[in-house]
Amino acid sequence: MSHSSQNMLAMLYASYNPGDPEELGFQDQFLDMNAYCLRRGFEVAEMVSDPEAPQPGRIRAGFEKVLARAEAEGVGHVVIFDIGRITCDSRSALAFLKHAAARSAVKVHILSWEMETGSPEIAKALKAAEDILEMQSASPKALPSSLRMRMASAERELLRVKPLWRKIFSLLQDERYAGSLITALTELKDTLDLGERELQAVHGAYDHLVLFQALGFRIKGERTDNTRLVSDALSRNWPLIKTRLRGELHEIVDGFETGAFF
């Protein structure tokens, strides 16, 4: 096999997190990653399932082994579903991505971001995240608008690594819970610190909710950028949002965040 053809090979890595919803099981992760590889023209060399629970503050040992094998075997790409598949710690994720960006042998693809290490897009996200860490003590109003925008983008990416965000995002795909979450957020939107894009997403989601209810249906979210923005707003303001929800629903989310099983 030629070197160029080997660089179109991909290894897929799926992992387990305590409390994962059903739609994030190994098979579902692999289905989405296979579709990603098809779009990119990659040939899947191997699919690796990691059933071990993550260790706080560390990159998963199973993922490190997959990455080492890919390098040793000349496989050009490793695909993961989201950054939370390899670590549950945001600082570890940032350190890994910064290190991986310097690798030329293997590119790591984060499906949920539609990004790969070494790409201009992920380089911008990493730079913005570093700005946040370096300027935490600075007044946001004193920063240039372009930097504030970059910091907001990086904050969204860091937020989406957290188990709370992933759980809320999955509940928005479930017609049993989506309406309650969207209604609570809409009722509180004027008291929350929401960005312009978030406000547009909230208004759009509520309009769809009202339309579906008028037709006698329950709303169910799709995996779109609008749904991600609604999830951002819900998870960032969760302490206030959950006061508007029935106990069962916010206990499901908070139980997931603390590692409880339901």
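Predicted model: local features only at pLDDT ≥ 70, side-chain atom pairs only at ≥ 80, totals over all residues.
Residues are numbered from 1 along each chain as its sequence is written. Local features need pLDDT of at least 70 and side-chain atom pairs pLDDT 80 or more, while totals for chains, interfaces and linings use all residues; side-chain values use heavy atoms, without hydrogens and water.

Helices (H or I, at least four residues) and strands (E, at least two) are DSSP runs, numbered from the N terminus. In strand β1 (residues 9-15), seven of seven residues are buried, that is, under 20% relative accessible area with a 1.4 Å probe, protein chains only. In a regular strand, side chains alternate between the two faces of the sheet. Leu-9, Met-11, Tyr-13 and Ser-15 point one way from β1, and Ala-10, Leu-12 and Ala-14 point the other way.

Strands pair if DSSP finds at least two bridges between them. β1 pairs in the parallel sense with strand β2 (residues 43-50) over seven bridges, and with strand β3 (residues 77-80) over four. Ala-10 stands opposite Val-44 in β2, and its bridge partner in β3 is His-77.

Rings of Phe, Tyr and Trp (its six-membered ring) pair if their centres lie within 6.5 Å; planes under 30 degrees apart count as stacked, over 60 as edge-to-face and the rest as tilted. The Tyr-13 and Phe-63 pair is edge-to-face because the ring centres are 5.3 Å apart and the planes stand at 65°. This pair joins β1 to helix α3 (residues 61-73), across 50 residues. Phe-63 also forms an edge-to-face pair with Phe-96, at 5.5 Å and 80°. Phe-96 lies in helix α4 (residues 90-101), and both Phe-63 and Phe-96 are buried.

Methods
Buried < 20%, exposed > 50% of the residue type's maximum accessible area, 1.4 Å probe, protein only.
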